Amino acid sequence: MSGYILWTFYAFFMQSRQTDLENWATALSESVADALEEKDMQRVQIIVRRYGAPANITLRVFDAQGSLLATSDPRTDRQITNWLLISGVSEALDGHSVQGVTKGVLSREDRLYIVKPMTRNGQMLGILRISITLEQFQKQFVRVIWTILAALGITILLCTLVSNRLARSLSKPIEVMRNFAIRVGRGQFDDKLVIRQSNELDQLATELNRMSERLKSLDNERRAFLANVSHELRTPVSNVQVTIDALERGAVDEPELRDRFFQTIKEETKRLSGLIHDLLDLGRLEAGVTLLEIQAIALESVISRAIRAMEVRMQAKNVTVEVDVADLRIMGDSERLLQAFLNLLDNAIKYSTPNARIFIAASGNKQQALISIRDQGSGIPETDLPRIFEQFYTTSRSSKNGVGLGLAIARRIIEAHGGSITASSKPGQGAVFTLSLPLES
Ligand SMILES: Nc1ncnc2c1ncn2[C@@H]1O[C@H](COP(=O)(O)OP(=O)(O)OP(=O)(O)O)[C@@H](O)[C@H]1O
Ligand SMILES: [Mg+2]
């Protein structure tokens with residue numbers, strides 16, 4: 001930019017000087033030609049003296065043969081022997097007007113010059129040469145160059161300072177975030193990033209915080225899950241160990257005790273195998289390994305299979321079930337859905353009082369089948385409702401009845417089908433589980 005400014009400045013100045021020079025030359029050559037035509041050499045001398053100025057402007061008039069008639073700088077010109085060597089003179093004698101920059105006639109300074117032939121009625125009267133010094137201008141131009149260079153230097157300095165500051169203000173929060181990410185990577189989830197900038201970095205910090213929180217809760221879930229699993233596995237195993245110990249220490253010989261202890265071992269190993277089965281199921285569902293064999297199935301057939309499987313348990317507790325299921329076809333994996341319904345029915349029976357009733361109803365709207373399973377049992381406290389679908393979550397009232405995996409498995413199965421499951425309960429009125437499943441389209 002500086003270069004461009006200097007160049008245009010220079011070009012503009014030279015251009016305007018040249019135009020000026022040309023205008024003077026035209027005007028003066030007319031006056032000189034008049035004088036020459038009248039052979040009035042005195043007037044030629046006067047014009048040349050009046051307009052020439054020793055240091056700045058030199059005016060010369062030559063005759064048609066190229067010998068000097070008048071000059072504004074006689075002292076210098078006395079030393080010149082051959083005028084044809086001076087730039088422009090011989091071209092002008094040939095009838096061409098010439099203009100340009102050249103060195104001074106004897107000095108080394110740059111001068112702008114113009115040479116014009118003067119003709120009247122086709123007859124060459126002589127030539128006029130004007131040259132002006134560029135010294136003044138060049139001095140000024142050097143000053144301009146220095147000014148621009150200084151401005152350039154200051155600009156570069158300021159830009160460096162500003163961009164340095166800017167870069168640092170950008171890199172500081174990035175460094176803070178990097179350290180934060182390193183800490184999160186090491187498993188330290190407790191700090192929070194505070195970046196006070198209202199830009200993308202701020203949003204990035206918010207996202208990093210959210211990520212850290214999510215990782216923290218996943219980490220906690222994982223720890224809790226492991227603790228729960230080992231606890232739940234240890235109980236039946238140690239029960240079996242204790243029983244076997246007792247049998248070894250002599251209980252085998254007492255028939256009544258022996259039968260009871262064998263019964264305990266049987267029950268505990270059954271519980272253990274059920275638990276392992278549930279855990280594996282949950283693991284597979286969670287990891288998305290279980291592939292659903294989705295096909296159109298009759299909802300009614302799945303529900304009646306589940307009821308049939310629970311018949312003995314219901315009879316034992318004298319619980320009856322009332323079914324009001326519309327004739328709907330849903331898209332699903334019948335074995336998996338059966339498992340979900342079994343878990344829900346199991347709860348409904350388990351948490352019902354004897355002689356109670358369970359109601360199963362299903363209806364369809366445009367795209368979904370809505371199924372509700374309602375019991376008349378103890379119900380679920382409002383504070384527990386949001387958490388009962390979590391793994392290993394049991395309410396304080398029912399902690400002896402199960403390990404808390406049934407609903408977690410049911411929810412994952414239903415969600416893998418693209419459906420949803422919710423629970424509601426009013427104090428003392430039992431619980432209602434509501435499911436939605438996609439209808440056959
Ligand atoms: N129909 C219901 N009535 C009252 N409480 C229920 C009912 N269904 C579930 N709950 C509560 O929700 C908790 C979680 O149920 P979930 O089926 O997941 O576990 P569980 O029945 O205790 O154990 P599991 O099903 O693994 O043997 C239960 O402990 C119970 O407190
Ligand atoms: Mg259950």
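Reader: Does K270 count as buried or exposed?
Author: This is a predicted model, in which local features need pLDDT of at least 70, side-chain atom pairs count only at pLDDT 80 or more, and totals for chains, interfaces and linings use all residues. Residues are numbered from 1 along each chain as its sequence is written, chains are lettered from A and ligands numbered from 1 in the order in which they are written, and side-chain values use heavy atoms, with hydrogens and water left out. K270 is found in helix α7 (residues 255-287), helices being DSSP runs of H or I with at least four residues, numbered from the N terminus. Because the relative accessibility of K270 is 66%, and the cut-offs are under 20% for buried, over 50% for exposed and partly exposed in between, with a 1.4 Å probe and protein chains only, K270 counts as exposed.

Reader: How far apart in space are K270 and P236, C-alpha to C-alpha?
Author: Along the sequence, K270 and P236 are separated by 34 residues. In space, the C-alpha to C-alpha distance between K270 and P236 is 9.3 Å.

Reader: Is S212 buried or exposed?
Author: S212 is found in helix α6 (residues 200-248), and, leaving aside residues up to four places away in sequence, S212 touches F180, V184, F189 and D191, where contact means heavy atoms within 4.5 Å. With a relative accessible area of 2%, S212 is therefore buried.

Reader: How are α1 and α2 oriented to each other?
Author: Helix α1 (residues 2-37) and helix α2 (residues 41-51) pack at an angle of about 160°, with their axes 8 Å apart. Since angles over 145 degrees count as roughly antiparallel, under 35 as roughly parallel, 65 to 115 as roughly perpendicular and the rest as oblique, α1 and α2 are roughly antiparallel.

Reader: Which residues of α1 and of α5 make the contact between these helices?
Author: α1 and helix α5 (residues 135-185) have axes 10 Å apart and pack at an angle of about 160°, which makes α1 roughly antiparallel to α5. On the α5 side the contact is made by F137, F141, V144, I145, I148 and L152, and on the α1 side by S2, I5, L6, F9, Y10, F13 and M14.

Reader: How far apart do the C-alpha centres of domain 1 and domain 2 lie?
Author: The protein chain is divided into domain 1 (2-133) and domain 2 (295-438), with bounds that come from an automatic or database domain assignment. Between the C-alpha centres of domain 1 and domain 2, the distance is 114 Å.

Key. Axes fitted to C-alpha atoms, helices over the stretch in contact; angles between N-to-C directions. Helix = DSSP H or I, 4+ residues; strand = E, 2+ residues; numbered from the N terminus.
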